[in-house]
Amino acid sequence: MPDFSKMKLPSWMDRGEPAALLRACATFWGRVNDWIQWPLRQFDPLTCSEPLLNLLAWERDISRFNGEPLALYRQRVAYAFVNAQDAGGVAGFIRIFDRLGIGYVELLERQPDIDWDVILVRVTDSQVSDNPDLLLQIIRQYGRTCRRYQFEVMTSENLAIRAGWDQGEYVCYPARLAEPEDAASYGAKLQG
């Protein structure tokens with residue numbers, strides 16, 4: 001469909017009724033274009049209406065948890081197939097966290113002094129506080145079935161240490177009591 005908003009009339013027709021007719025056509029055909037493309041946009045979970053989003057989520061086995069923002073819910077529905085393919089492996093699990101915008105995560109398997117079926121999930125404290133329900137939902141839906149997951153929280157702290165060298169001189173001045181000249185006065189004398 002031609003884009004009427006970019007059409008230019010010749011200089012002798014760009015005023016009055018022909019210009020008004022061009023604006024009216026641009027408005028009308030813009031609306032018709034939106035009407036035609038509306039059904040096509042409904043298959044995209046990032047732009048579809050919310051009732052249809054719920055149907056797409058049901059089809060893709062995604063359930064919305066309490067308090068989940070609509071934008072995050074849309075992302076989870078949009079990436080449901082890819083996330084299901086990536087589930088089970090360490091690299092895939094990290095990609096799931098990255099796709100959903102959680103951030104940096106480490107997965108450690110079979111660590112010494114810990115049961116063999118425990119997988120350590122290292123995340124920062126802000127990730128846990130910002131997305132507690134989302135982290136649990138990801139573990140429930142995409143985690144390995146015969147494994148237990150344990151969260152380890154990493155906290156990073158900025159620390160500044162300044163080091164320098166001072167070339168000073170250490171001098172010690174001993175003092176001793178002076179011999180009293182008379183019994184009523186005492187004093188000290190520095191030797192240097």
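Which helix is included in what covers the buried residues of α2? Let's work up to that together.

The model is predicted, with local features needing pLDDT of at least 70 and side-chain atom pairs counting only at pLDDT 80 or more, while totals for chains, interfaces and linings use all residues. Residues are numbered from 1 along each chain as its sequence is written, and side-chain values use heavy atoms, with hydrogens and water left out.

**Exercise 1. Sort the faces of helix α2 and find a cover for the buried one.**

Step 1. Helices are DSSP runs of H or I with at least four residues, and strands are runs of E with at least two, numbered from the N terminus. Helix α2 spans residues 50–59.

Step 2. Take buried as under 20% relative accessible area, exposed as over 50%, and partly exposed as in between (1.4 Å probe, protein chains only). The buried residues of α2 are then Leu53, Leu56 and Ala57. They lie on the same side of α2, because their arc around the axis is only 100°; this arc is that of the directions from the helix axis to the C-beta atoms.

Step 3. Pro51, Leu55, Trp58 and Glu59 are exposed on the other side of α2.

Step 4. Contact means heavy atoms within 4.5 Å. The cover over the buried residues of α2 includes α3 (70–78), which settles the opening question.

**Exercise 2. Describe the largest cavity and its lining.**

Step 1. On a 1 Å grid over the protein atoms alone, a cavity is a set of points where a 1.4 Å probe fits but cannot get out, and lining residues have an atom within 4 Å of a point. Points are joined across faces, edges and corners, and the volume is the space filled by probe spheres set on them.

Step 2. One cavity of 30 Å³ or more is found, and the largest holds about 70 Å³.

Step 3. Its lining includes Val90, Phe93, Leu107, Glu109 and Arg144. Two elements, α5 and β1 (106–109), each give two or more residues to this lining.

Conventions. On a 1 Å grid over the protein atoms alone, a cavity is a set of points where a 1.4 Å probe fits but cannot get out, and a pocket is an open set with protein on both sides within 12 Å along at least five of seven lines; lining residues have an atom within 4 Å of a point.
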